[in-house]
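Please look over the sequence and the 3D structure shown here before reading the briefing that follows.

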Amino acid sequence: MMLYYQNDSFGGRKAYRLLLCCLGLTGTVLLSGCQTSKPLTSTQIPDPDTPQSVFSWFHQEPATQSLSAEAAARADQETLKQSTTATSNTTQLNNVWIRLSQQFSLPYPIDHPRIQREIAWFKKHPKYIQRVNQRAEPYLFYITELVEQRGLPTELALLPVIESAYDPFAYSPGRASGLWQFIPSTGKYFGLKQNWWYDGRRDVVASTNAALDYLSKLYSHLGDWELALASYNAGEGTILKAMRRNKQAGKPQDYWSLDLPRETEQYVPRLLALAHIIANTDRYDIKMPAVANKPYFQKVKTQGQIDLALAADMAALPLDTLYQLNPGFNQWATDPNGPHYLLVPITQASQFQDALQKLPPKKRMQWQRYQVRRGDSLIAIANRFQTRTKVIQQANKLSSHRIRIGQTLLIPQASQLLSQYTKTRAQRRRGKQASVAAQGKSVYYKVKRGDSFWHIARQYDVSVSALSRWNNLSPRDTLKPGQRLVVQLNNVRSSAHTPTQKRKVKRKVNYKVRKGDSLYRIASRFNVRVDDIQDWNQLQHTNLKPGQALTLFVNVTGT
């Protein structure tokens with residue numbers, strides 16, 4: 001008899017224990033179609049105190065021995081007794097976590113080694129859950145409401161814990177951003193606008209709706225939530241390919257039987273383990289501060305672009321609080337083309353709405369008049385005022401880059417010093433760099449034309465991943481001439497602390513791919529690594545086409 005563990009919600013545990021009692025069996029839980037995967041040595045939990053480390057993983061000790069079947073059954077019976085005293089009407093609960101846990105519906109093999117390993121990690125790090133709880137507080141009620149309205153498993157409201165530690169500003173080396181960690185291409189596919197002013201991947205409302213659309217689509221294709229969740233992490237193609245391999249080999253095609261990337265093998269167990277612990281906090285002696293079961297924020301229409309510092313003053317809010325609720329805005333103002341709304345704490349919503357009605361349209365933004373001089377260009381003017389050419393073009397209805405001497409341009413300007421807008425994309429990066437620089441001996445490097453992460457990392461003998469992490473960037477981001485990067489010298493991999501201390505002389509080689517070439521063959525021919533070729537050329541896959549141009553950096557010293 002194969003049984004999966006399920007939360008107390010809707011009598012799930014009651015039902016299977018009653019069946020066991022009728023059959024005279026013990027409470028042993030077996031796995032259905034489950035194969036033991038290769039042992040894991042580390043888990044992948046994003047650090048809520050380090051937004052950049054969404055994909056930096058903690059060391060994982062071996063999992064502790066799981067509860068025996070009888071002990072688990074006794075503990076579950078005690079939990080069941082306690083839960084019967086609670087109201088079944090979720091709208092009357094005072095704590096969103098309880099509201100969620102009473103509706104958890106995904107079955108899971110509690111004794112599976114992967115789930116036990118994740119439970120062991122959470123048990124050893126109870127403060128992690130508490131810190132994430134604090135981060136989730138502004139958003140959890142809203143996300144719970146959406147999940148329930150769509151009739152989806154309430155476990156999905158926990159997914160931002162796994163993806164981003166509930167940090168809306170989280171940014172991964174793979175260029176994934178926001179609570180739900182959308183990469184740029186997937187974000188665009190699901191309608192999340194991304195430009196200089198605004199990134200919908202970080203917008204709490206837009207990204208949550210897009211993530212639930214995506215998850216629903218995956219479930220409709222695969223018919224299984226474990227496979228849908230794995231696809232959200234690794235991509236549907238990866239999961240379908242693994243399923244085809246198993247089918248051809250005559251093996252089961254459920255999630256637990258598939259040979260998947262290590263991160264994906266840990267991803268689903270981590271979510272299920274977290275749900276299990278939240279539903280059984282007393283058993284694991286984990287205290288989770290209550291999150292009020294009522295709206296935290298209200299959506300207020302702004303009817304157009306507005307300076308965020310001005311909006312914060314009108315709502316009587318600290319500017320950082322306004323950014324925390326509206327992390328989609330990259331700059332000091334909202335996007336002139338929308339979305340034209342701001343999320344504000346519900347306690348300040350009426351005040352903000354009243355102030356908006358009284359605000360004259362001309363005072364929503366500050367503008368500076370600039371008269372074009374000889375030698376000016378739109379690029380030079382944009383750099384001078386720390387904006388972009390498209391912003392100036394849009395503000396002045398220019399159809400091209402052409403400007404004439406004596407022409408007057410309106411330049412949008414922040415009402416406060418840019419340094420006051422601490423949560424803009426640029427200021428977050430500067431803050432990260434300053435934090436890194438304060439940790440030890442560091443230098444700032446000014447990016448030159450033709451530079452790449454790999455080139456700069458090699459000069460200082462540091463890793464590309466470290467260099468990008470120190471600067472709140474992804475290795476796939478494009479570097480621009482004049483951009484400043486911080487390099488932490490006390491983390492170098494050798495004594496090469498300056499660009500002049502190179503051990504090898506390398507030459508740039510432009511190579512055209514020939515028929516029959518592969519990355520491995522090219523790497524062997526030039527005595528370089530495949531990973532380096534991928535880094536130099538920002539290749540996301542290993543497929544090459546004849547005639548494709550590659551840049552190589554070849555050692556010409558012969559050593």
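Ring pairs join F182, Y189, F190, Y214 and Y232 into a cluster, where rings of Phe, Tyr and Trp (its six-membered ring) are said to pair if their centres lie within 6.5 Å, with planes under 30 degrees apart counted as stacked, over 60 as edge-to-face and the rest as tilted. This is a predicted model, in which local features need pLDDT of at least 70 and side-chain atom pairs count only at pLDDT 80 or more, while totals for chains, interfaces and linings use all residues. Residues are numbered from 1 along each chain as its sequence is written, and side-chain values use heavy atoms, with hydrogens and water left out.

**Aromatic pairs**

- A pair of aromatic rings is described by the distance of the centres and the angle of the planes.
- The structure holds 16 aromatic pairs; in one of them, the rings of W121 and F122 have centres 5.7 Å apart and planes at 85 degrees, so this pair is edge-to-face.
- Both W121 and F122 are buried, a word that stands for under 20% relative accessible area, whereas exposed means over 50% and partly exposed lies in between (1.4 Å probe, protein chains only).
- Y214 and Y232 make a tilted pair, with 5.3 Å from centre to centre and 45 degrees between the planes.
- Because Y214 lies in helix α8 and Y232 in helix α9 (residues 225–234), their pair ties together parts that are 18 residues apart in sequence; helices (H or I, at least four residues) and strands (E, at least two) are DSSP runs, numbered from the N terminus.
- Y214 and Y232 are both buried.

**Helix α8**

- Helix α8 (residues 204–222) has 19 residues, which at 1.5 Å a residue should span 27 Å, and this agrees with its end C-alpha atoms, which are 27 Å apart; the expected span is 1.5 Å times one less than the number of residues.
- The buried residues of α8 include V204, V205, S207, T208, A210 and A211, and also L212, Y214, L215, L218 and L222.
- An α-helix has 3.6 residues a turn, so residues three or four places apart point the same way.
- At the start of α8, a side-chain oxygen of D203 comes to within 2.9 Å of the backbone nitrogen of V205; a polar contact is a pair of N or O atoms within 3.5 Å, where within protein one must be able to donate a hydrogen and the other to accept it, and residues adjacent in sequence count only if both atoms are side-chain atoms.
- Just after α8, G223 takes a positive phi of about 70 degrees.

**The largest pocket**

- About 1800 Å³ of space lies in the largest pocket, and of the 45 residues that line this pocket, W196, R388, R425, R429 and K480 are the closest to its centre.
- On a 1 Å grid over the protein atoms alone, a pocket is an open set of points where a 1.4 Å probe fits, with protein on both sides within 12 Å along at least five of seven lines, and lining residues have an atom within 4 Å of a point.
- Grid points are joined across faces, edges and corners, and the volume is the space filled by probe spheres set on the points.
- At least two lining residues come from each of α7 (184–189), α16 (378–384) and α18 (425–438), and α18 gives the most, with seven residues.

**Backbone features in loops**

- Most residues other than glycine have a negative phi, and most peptide bonds are trans.
- Y166, in the loop between α6 (159–164) and α7, has a positive phi of about 55 degrees although it is not a glycine, and at 0% relative accessibility Y166 counts as buried.
- N472, in the loop between α20 (464–470) and β6 (484–488), likewise has a positive phi of about 55 degrees without being a glycine.
- The peptide bond from G338 to P339 is cis, with omega near 15 degrees, and P339 is found in the loop between α14 (319–325) and β2 (341–345).
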